Amino acid sequence: MRRDGRGRGVSVAAATALVCALGLSAMPETAYAAPGEPGPTPGGGTGGGTGGGGTGDRSLEAVRKEVEGLYRKAESATDAYNLAREKQARQEKSILRIARAVVKAQKEMAGLRKRAGAMARAQYRGGGMPAEARLFLNGDPGDFLDGVTLARKGEKATHGLISRLAGTQVALDRYAESASQEWERLDRSRAKKAAAKKEILRKLGRAQRLESRLAKDERERLRRLEEDKARGAQAKWLDTGILRELGDGATARGGRAVGFAKDQLGKDYVWGAVGPNTYDCSGLTQRAWAAAGRAIPRTSQEQWRLLPKVSVKDMRPGDLIIYFRDASHVGMYVGSGAMIHAPRPGRQVTVAGAGSMPILGVVRPDAR
């Protein structure tokens, strides 16, 4: 049970049952104009202006389709934005690791050069004569044998020093090349992120302007129209008999993820948000599974690409349902044919029919 800011209890089980019942009920008749026909005015009837902005001669269904399309495109662009942001963060960390490695290699190189200089100065003080020549000029056999051993050690140390100098220089050259490549990738990620953000804001702005021109009662009818469409899709999905095949048993982690999602009911959708007060669709599912102790990708497209897939008929509470062909939306299955999701801007985290949108597939974050 979750209580909202007004103190009213929200029963998820009751809401779930209501979703399923509504999904099975007959679709009510609506007063909305058919696509292409004049839309209803706030005072009833149809035709030209609405006095306060409104749909005018556009049907509310046409507005719904355009608004839905704009929000879906913005959601898809949000996935591209989030993915570019993740790549940017990884590339920045990679560049930082390279920079630290370069500093370490440069310190080692300075030390090696110091040692090489000391060896060169020692040879200069010896008259520049190779150690082997000085050995043969030594008349004491014992000193000669000791000198041979020392010369071999010195030669080995010299070769080792030269090898380490060469190896360190190769490493520095490699780091420089890697850093250059990472900077190029970082620039591309930043450009993609900026382009995606621009596209998001453009789509969101257009959709919000369309809605803002509607009169208050038209906005409410638009909400009901969206709900009617979702109920119709859910009813068709349930008519396939899918509910008889679905299980309601969640794993321990899946149950914790569902519990977290239920606790977020009523919170606003905000694009790019990952909680705790607002969410986008994949931000909600990512945080829910993080609360259950399982890290999953940030975006719905990456969740679809990287998480283990299961058949729709085998899904269980906690599984993630990926929607639309471009994997641009995600919700969490909570049992009894229902899911919880963050729908779109202007809406709140809510319970909806699992079949209320076109299902691309199902993924299971805690698959073994």
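Predicted model: local features only at pLDDT ≥ 70, side-chain atom pairs only at ≥ 80, totals over all residues.
Residues are numbered from 1 along each chain as its sequence is written, and side-chain values use heavy atoms, with hydrogens and water left out.

1. Six strands form an open sheet in the order 5-10-6-7-8-9, with antiparallel pairing. Strand 5 (309-310) and strand 9 stand at the edges with a single partner strand each, so one side of each has no neighbour in the sheet. Strands here are DSSP runs of E with at least two residues, and helices are runs of H or I with at least four, both numbered from the N terminus. Two strands pair if DSSP finds at least two bridges between them.

2. **Strand 8 and its neighbours.** Strand 8 pairs with strand 9 (residues 350-353) in the antiparallel sense over four bridges. Strands 7 and 8 form a hairpin with two residues between them, and Ser336 in the turn has a positive phi of about 55°.

3. **Two covered faces.** In a regular strand the side chains alternate between the two faces of the sheet. In strand 8 (residues 338-341), Ala338 and Ile340 lie on one side, Met339 and His341 on the other, and all are buried. Buried means under 20% relative accessible area, exposed over 50% and partly exposed in between (1.4 Å probe, protein chains only).

4. **One aromatic pair.** The structure holds one aromatic pair: Tyr81 and Trp271, edge-to-face, with 5.3 Å centre to centre and 80° between the planes. Tyr81 is in helix 2 (residues 60-125) and Trp271 in the loop between strand 3 (268-269) and strand 4 (278-279), so the contact ties together parts 190 residues apart in sequence. Tyr81 counts as buried at 10% relative accessibility, whereas Trp271 is partly exposed at 21%. For the cut-offs, rings of Phe, Tyr and Trp (its six-membered ring) pair if their centres lie within 6.5 Å; planes under 30 degrees apart are stacked, over 60 edge-to-face and the rest tilted.

5. **Charges over rings.** The charged end of Arg72 sits over the ring of Phe324, 3.8 Å from its centre. Lys309 lies over the face of Trp304, at 4.4 Å from the ring centre. The criterion is NZ of Lys or CZ of Arg within 6 Å of the ring centre and within 35 degrees of the ring normal.

6. **Helix 7.** Eight of the eleven residues of helix 7 are buried, so the helix is largely enclosed by the rest of the structure. Among the buried residues are Cys281, Leu284, Ala288 and Trp289. Gly293, which follows helix 7, has a positive phi near 90°.

7. **A residue in helix 6.** Asp263 is found in helix 6 and counts as partly exposed at 45% relative accessibility. Asp263 and Val349 are 86 residues apart in sequence, yet 9.7 Å apart in space, C-alpha to C-alpha.
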